[in-house]
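Colleague: I should like to understand the terms used for this structure. Please set each value against its definition.

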Amino acid sequence: MGKTATDRAFFGQPRGLVGLFFAEAWERFSYYGMRALLLYYMTDRLAEGGLGLPADSAKPLIAVYGSAIYLAAILGGWVSDRLLGDRKATLVGGVLIMCGHLCLAVPAGAGALFASMVFIAVGTGLLKPTISSSVGDLYAAGDPRRDSGFSIYYMGISVGAVAAPLVVGTVGQNYDYHAGFGIAAVGMALGLLVYLRSQRHLSPVSSRPKNPLRLAEVPRPRLIAVVAGAAALIGLVAVTVGTGVLDVDGIVDVISVLAIALPVGYFTVMLRSARTTAAERARVRAYIPMFVAAVAFWCIQEQGATVIAQYAEESTDLDAFGFAIPASWFQSVGSLVLIVLTPLFAVLWLRLDRSPRSPSTAHKFAVGLAIAGLSYLLLVVPAAHPGQTNPLWLAGSLAVVTVGEMCLSPIGLSATTRLAPAAFATQTMGLWLSSNAAGQGIGAQLVKFYDPGSAAGYFGALGGGAVVLALVLFALAPLIRRQASRKGATMDDDQAAVHGAGR
Ligand code: PHE
């Protein structure tokens with residue numbers, strides 16, 4: 001890490017950040033492009049080139065697919081930490097994702113869609129935690145540029161997300177679905193090229209598994225139990241889905257439960273593992289309340305694609321400015337705001353984190369969650385009035401939640417790379433990504449309560465709940481900081497050590 005610690009080639013940040021920025025931007029371009037097209041492709045009539053599925057089954061299926069992808073990141077993290085290392089896992093993941101888009105680029109029907117989903121879930125599970133973890137490895141412990149660097153990296157995500165619907169969505173819908181998916185595949189290929197070219201600027205830590213698995217050391221019975229368990233699970237899913245015992249609603253419920261159970265299980269494994277040191281265990285405990293806050297945050301933020309999309313279509317006066325605003329435009333507001341504000345936040349974190357009174361991670365999280373709550377409380381005002389709402393309310397609310405996202409999401413990535421037990425480095429990143437899956441899983445249940453007639457109550461309850469949770473986290477923040485600083489280095493102390501604030 002020695003070289004990277006002093007490397008300031010890219011706006012004061014290590015050179016490796018450029019490659020990771022663009023590789024992730026292209027990967028997200030392919031992902032969000034595919035997602036922008038998926039619903040239309042699944043529900044369009046066969047004669048129009050679609051699959052002719054009913055919207056009521058397609059929508060929850062897409063939601064569950066999104067959740068499953070981020071849950072797969074826990075598995076991907078394990079493969080990286082124990083078998084492949086971050087670099088190889090990112091490359092294998094990128095190739096699988098590309099294959100997934102290629103499946104959809106050929107007109108081969110529902111079978112190809114299913115194959116594509118498997119490729120993309122496994123591929124993203126491998127790529128997303130490992131590429132994020134490589135960003136963290138660019139910084140030495142205590143480098144105050146870490147939060148700021150992750151904010152820049154996060155902007156890459158938004159650049160990809162904003163461009164995708166415009167390019168992939170437009171080509172797919174106006175010209176040909178498969179051509180659109182083909183462009184997504186090309187995007188991922190470009191991402192892989194960028195990544196390959198930038199490898200030499202990455203930390204050497206990224207090229208090896210952090211806790212290599214030695215098969216000979218694994219007790220036989222445990223190996224057999226794991227393989228048998230996995231086979232039984234796959235069999236169970238195949239049989240219940242194949243026979244129709246598990247319908248779409250059932251699948252949504254199962255994923256909701258899994259999205260909560262898996263992270264809980266994983267925290268337990270990490271806390272109990274003999275490979276986690278006492279100081280690391282204290283840090284993992286300190287991480288838990290922040291994880292809970294993140295789940296609540298994503299539960300609200302990810303409703304941008306469900307409840308808010310519905311509100312845009314049904315309850316917003318889309319002609320307010322003299323032309324028909326496409327409801328789908330609201331999906332881009334967040335990413336646009338994020339891109340515009342990133343330079344500001346990158347400087348803000350750098351200033352704050354270099355100052356002796358730098359706010360703790362928990363404080364930033366509490367502020368982020370509170371802002372997400374406010375974005376919903378803001379919507380109570382228009383929703384309480386009968387009739388169509390001015391679109392500015394919705395745009396304003398989306399801008400507000402994005403400010404919250406900037407306080408929480410890049411900071412969460414950054415904190416994860418600082419707090420993770422060494423043996424679980426990339427798995428912890430997978431766990432962090434699963435906070436999004438858990439938020440969406442809970443959201444999938446909550447959105448059932450949304451009804452345009454009582455929207456004000458819905459926004460008020462969820463927004464209020466988020467603010468209350470944020471206040472609790474704020475009150476706990478000093479405790480979290482202390483817990484994390486027990487027995488040695490901590491998430492915030494390693495910053496403190498740098499500027500000698502000695503907390
Ligand atoms: N916009 C974020 C991204 O695509 C959403 C996200 C956050 C996903 C956290 C997973 C975990 O990266």
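Modeller: A search of the whole structure finds 18 aromatic pairs; rings of Phe, Tyr and Trp (its six-membered ring) pair if their centres lie within 6.5 Å. This is a predicted model, in which local features need pLDDT of at least 70 and side-chain atom pairs count only at pLDDT 80 or more, while totals for chains, interfaces and linings use all residues. Residues are numbered from 1 along each chain as its sequence is written, and side-chain values use heavy atoms, with hydrogens and water left out.

Colleague: Why is the pair of phenylalanine 21 and phenylalanine 22 called edge-to-face?

Modeller: Planes under 30 degrees apart count as stacked, over 60 as edge-to-face and the rest as tilted. The ring centres of phenylalanine 21 and phenylalanine 22 are 4.9 Å apart and their planes stand at 70°, so the pair is edge-to-face. The rings of tyrosine 31 and tyrosine 32, with centres 5.2 Å apart and planes at 70°, are therefore also an edge-to-face pair.

Colleague: What makes phenylalanine 21 buried or exposed?

Modeller: Buried means under 20% relative accessible area, exposed over 50%, and partly exposed in between (1.4 Å probe, protein chains only). Phenylalanine 21 has 9% relative accessibility and therefore counts as buried, whereas phenylalanine 22, at 40%, counts as partly exposed. Tyrosine 31 has a relative accessible area of 3% and is buried; tyrosine 32, at 29%, is partly exposed.

Colleague: What makes tyrosine 32 one of the residues around the ligand?

Modeller: A residue is near a molecule if one of its heavy atoms lies within 4 Å of it. The residues around the ligand include Arg28, Tyr32, Lys128 and Trp298. A polar side-chain atom of tyrosine 32 lies 2.6 Å from an oxygen atom of the ligand. For arginine 28 the corresponding distance to a ligand oxygen atom is 2.7 Å, and for lysine 128 it is 2.7 Å. A polar contact is a pair of N or O atoms within 3.5 Å; within protein, one must be able to donate a hydrogen and the other to accept it, and residues adjacent in sequence count only if both atoms are side-chain atoms.

Colleague: How do you know that the span of helix α6 agrees with its number of residues?

Modeller: Helices (H or I, at least four residues) are DSSP runs, numbered from the N terminus. The expected span is 1.5 Å times one less than the number of residues. Helix α6 (residues 146–174) has 29 residues and should span 42 Å; its end C-alpha atoms are 42 Å apart, so the two agree. For helix α9 (residues 248–272), 25 residues should span 36 Å, and the end C-alpha atoms are 36 Å apart, which agrees.

Colleague: Where does α6 bend?

Modeller: The bend at a residue is the angle between axes fitted to the seven residues ending there and the seven starting there. In α6 this angle is about 40° at alanine 164, and proline 165 follows within four residues. α10 bends by about 30° at isoleucine 288, with proline 289 following within four residues.

Colleague: Why is α10 called largely enclosed by the rest of the structure?

Modeller: Of the 24 residues of α10, 18 are buried, so the helix is largely enclosed by the rest of the structure. In α9, the buried residues include Gly250, Pro263 and Met270. What covers the buried residues of α9 includes α3 (55–84), α10 (278–301) and α15 (425–446).

Definitions and conventions
Helix = DSSP H or I, 4+ residues; strand = E, 2+ residues; numbered from the N terminus. Contact = heavy atoms within 4.5 Å.
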